[in-house]
Amino acid sequence: MLIKALAPMEGVTDSVFRQVLCDIGKPDLFFTEFLNVEGFCSKGRKNVEHRIKFTKKEHPIVIQLWGNNPAMYVETIKEIKKLKPDGININIGCSVHDVISGGRGSALINNKPLVKEIIDAVKNSLEGTGIPVYVKTRLGFDKVDIEGWIGFLLEQDLDMIIIHGRLSKETYAVPANWNLIGKCADLRDKVSPSTKILGNGDLKDIYQGEEYCKKYNLDGFMIGRGILNNPWLFSGRENIPREERIQALLKHLMLFQEFWGESKPFDCQKKYVKAYLNNFDDAGILRKKLLESRSLDEMIGVLKDIS
C-alpha cells in the first residue's frame, strides 16, 4: 500500500490543523513541525516544545528533529520517546539560510561523518522501542549526488528516506525532478531493498502522487504546500461546498481557541482563511471580513453569523 504523507511545514501543520485534517481528509502519516534539538536541550525549551504536541487521533505521527549535535539528539530522544511517536525523522533537507549557515538541515549533506554519528546516535537511543528512523533530504547540496549521497544514506539501514526532488540551493521556481527521485529508488533496490522511498515536490493532488509512485517505483509520496490549496486533499475530494468550507474553518478556529488558548497569537490563524474559503462566489468578500478582524472571537462571530 502506498504511503500518503503530509509534509511538515513550520507554523502551518501544527496539532490543530492536523486534528481538523483527521476529520476532513487524513493522510496515512503526519509529521510534526521541526523541533531543534539544541533548543530543546537549552533553557529555552519551553519556546520550542509546543512543536511536538499532538493528540491520540493524529497517530500515526512522526516527530521531526533537526540540528547537528549528536549528543543533543540523544538527550532529546530520552524525553520524546515517552510520547510514543510512530517514527523519528532526521531533517537533512531544510534549505532556509539561517539553518544551513550553521551547518544544519541540508548543509549536513556535505558532512557525511557527522550525519552517520547523528543517525547512529538516534538509532541507538531508540533501541528496543520499535520506533523506526527516517531521514528527509534532497538530491544533493549544490549538485545532484545520487550515488554518493543517497547511496550513503541507503547504507545506514534506515526505515525510510523521503527525497525532495531539488538541490539545497534550488528554489521552488525550479521544478522538482521526479525522474531523479526514481533513480534513487532504483539504487535502493540494489543497496537496501527494505528501505522505503517517498518522493516529495510539486504534487498537486493524491492522484498525481499515485501516478508518480507507479511510474518511479516509489513506496509513497509527501505533499506540503498543496494542502493550503485544498485542506480536503487527502480525501481526494475537490469542489467542496461553501457551507462545508465555512464549517471547517469555524471548527478550526474554535479548536485553536480551546487547544492553544492565549499561548499563540490569533493573527497566526489568518493564514488558513484562504485555504478553507475559496472557489465560491462570495469567498473574497468573506475572506476580507475575516482578515480585517481584530480578535479570534470576532473571526468566529463572522463565521457563525453566516452559517
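Lys112, Val115, Lys116 and Ile119 of helix H5 meet Gly148, Trp149, Phe152 and Leu153 of helix H6, where contact means heavy atoms within 4.5 Å. The model is predicted, so local features need pLDDT of at least 70 and side-chain atom pairs count only at pLDDT 80 or more, while totals for chains, interfaces and linings use all residues. Residues are numbered from 1 along each chain as its sequence is written, and side-chain values use heavy atoms, with hydrogens and water left out.

**Helices H5 and H6**

- By class, the contact of H5 with H6 has five nonpolar, one polar and two charged residues; Ala, Val, Leu, Ile, Met, Phe, Trp, Tyr, Cys and Pro count as nonpolar, Asp, Glu, Lys and Arg as charged, and the others, Gly among them, as polar.
- The axes of H5 (residues 112–125) and H6 (residues 146–154) come within 11 Å and cross at roughly 20°; axes are lines fitted to C-alpha atoms, for helices over the stretch in contact, and angles run from 0 to 180 degrees between N-to-C directions.
- H5 and H6 are therefore roughly parallel to each other, a term for angles under 35 degrees.
- H5 passes H6 in a right-handed crossing, in which the near helix is turned clockwise from the far one by less than a right angle.
- Helices (H or I, at least four residues) and strands (E, at least two) are DSSP runs, numbered from the N terminus.

**The sheet**

- Eight strands form an open sheet with parallel pairing, in the order E1-E8-E7-E6-E5-E4-E3-E2; two strands pair if DSSP finds at least two bridges between them.
- Strands E1 (3–6) and E2 (30–36) stand at the edges with a single partner strand each, so one side of each has no neighbour in the sheet.
- Neighbouring strands of this sheet are turned by 25° against each other on average, direction ignored.
- Helix H3 (residues 70–80) packs on the sheet and touches E2, E3 and E4, its direction making about 155° with that of E3.
- Helix H8 (residues 206–216) also packs on the sheet, touching E1 and strand E8 (220–223), and its direction makes about 145° with that of E8.

**Strand E3**

- E3 (residues 61–66) runs parallel to E4 (residues 88–92), and three bridges join the two strands; glutamine 64 has asparagine 89 as its bridge partner in E4.
- E2 and E3 pair in the parallel sense over five bridges, and phenylalanine 30 has isoleucine 61 as its bridge partner in E3.
- Six of the six residues of E3 are buried, so the strand is largely enclosed by the rest of the structure; buried means under 20% relative accessible area, exposed over 50%, and partly exposed in between (1.4 Å probe, protein chains only).
- Ile61, Ile63 and Leu65 cover one face of E3, and Val62, Gln64 and Trp66 the other, all of them buried.

**Two individual residues**

- Glutamine 156, in the loop between H6 and strand E6 (160–167), has 7% relative accessibility and therefore counts as buried.
- Not counting residues up to four places away in sequence, glutamine 156 touches Lys116, Ile119 and Lys123.
- Aspartate 189 lies in helix H7 (residues 178–191) and counts as partly exposed at 39% relative accessibility.
- The C-alpha atoms of aspartate 189 and tyrosine 172 are separated by 29 Å, with the two residues 17 residues apart along the chain.

Terms used:
Parallel < 35°, antiparallel > 145°, perpendicular 65-115°, else oblique.
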